[in-house]
Amino acid sequence: MPKRVSELQKQKISESFVNGMEINEIAITYNFSKQTIIKQLKILLGEEEFNLINNERAKNGTFKKNNINSINIKESKNDQLFEDPKSLINNSKSSSPGGEDIDETFFEIPPIVNNIDLDDQKELSSKPLSEANFPNVVYILVDNNIELEPKFLKDFPEWRFLPEDDLNRRTIQIFSNQKLAKQYISKNQKLIKVPNTNVFLIASGHLKSKGISRIIFEDSLLAL
């Protein structure tokens, strides 16, 4: 069962993001998935404010110095993980108030991508609809004529790491609770309750005929 985000964690996550911390780094720091962090930020800041900050960072291409790929390594019990740290780093010394020398060491660890097929890894982001663990009741957004309004996966920032072919897939979003769904509703939409989630499996053929091949549910991407 997925763990809940506490109110204190929500506050710290929001402050970290506003103060410039990258989403990936926040996810690692608080031990949640990237999708959970994005979902919480949209709720806490509002989707418009979140997108404004996120898009501005993407446009400027800015990264904090304390990004995950730039790590400040200090003397600790973990030093034995490195066979010869002095051969990997440049040491700089500063004096403490007591006159003792303190070594502060910095080096960059490049991401390890050798022998990894990133496209295959990304495809593992989706799972079959039949494996979805829906609650008894879910909610979806429709237009004023009670028609589904599918979007492209590329319209969801949290899934933009997928291959280009997947980003052009049409999808609908399912919500586990009414409050969350209302965060995404527009004035030309309605929120409807779905008391029997088996309807998505039953109607999967009809959804495919409309070009819909994916369903977003919380942190999961479901393949029809």
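Which residues touch the most other members of the largest nonpolar core? Hi everyone, let's start there. Of its 15 residues, the answer is Phe134, Val138, Ile174, Phe200, Ile215 and Leu222. By nonpolar core I mean a set of buried Ala, Val, Leu, Ile, Met, Phe, Trp, Tyr and Cys residues joined through side-chain atoms within 4.5 Å. Buried is under 20% relative accessible area, exposed is over 50%, and partly exposed is in between, with a 1.4 Å probe and protein chains only.

Some housekeeping. This is a predicted model, where local features need pLDDT of at least 70 and side-chain atom pairs count only at pLDDT 80 or more, while totals for chains, interfaces and linings use all residues. Residues are numbered from 1 along each chain as its sequence is written, and side-chain values use heavy atoms, with hydrogens and water left out.

Take Ile215: leaving out residues up to four places away in sequence, its contacts (heavy atoms within 4.5 Å) include Leu129, Thr171, Phe200 and Leu224. Another core, of 14 residues, lies apart from this one, and Met21, Ile37, Ile38 and Phe50 are among its members.

Now the rings. The whole structure has five aromatic pairs, meaning Phe, Tyr or Trp rings (six-membered for Trp) with centres within 6.5 Å; planes under 30 degrees apart are stacked, over 60 edge-to-face, and the rest tilted. Trp159 and Phe161 have ring centres 5.9 Å apart and planes at 35°, so that pair is tilted. Trp159 is buried at 2% relative accessible area, whereas Phe161 is partly exposed at 29%. Phe134, Phe200 and Phe217 are linked into a cluster by ring pairs.

How many cavities of 30 Å³ or more does a search of the whole structure find? One. A cavity here is a set of points on a 1 Å grid over the protein atoms alone where a 1.4 Å probe fits but cannot get out, and lining residues have an atom within 4 Å of a point. The largest cavity holds about 110 Å³, the space filled by probe spheres set on the points, which are joined across faces, edges and corners. It has 13 lining residues, with Lys39, Glu158, Gln173, Tyr184 and Glu218 closest to the centre. Helix 3 gives the largest share of that lining, three residues.

Definitions and conventions: 1 Å grid on protein atoms, 1.4 Å probe; cavity = no way out; pocket = protein on both sides within 12 Å on 5 of 7 lines; lining within 4 Å. Helix = DSSP H or I, 4+ residues; strand = E, 2+ residues; numbered from the N terminus.
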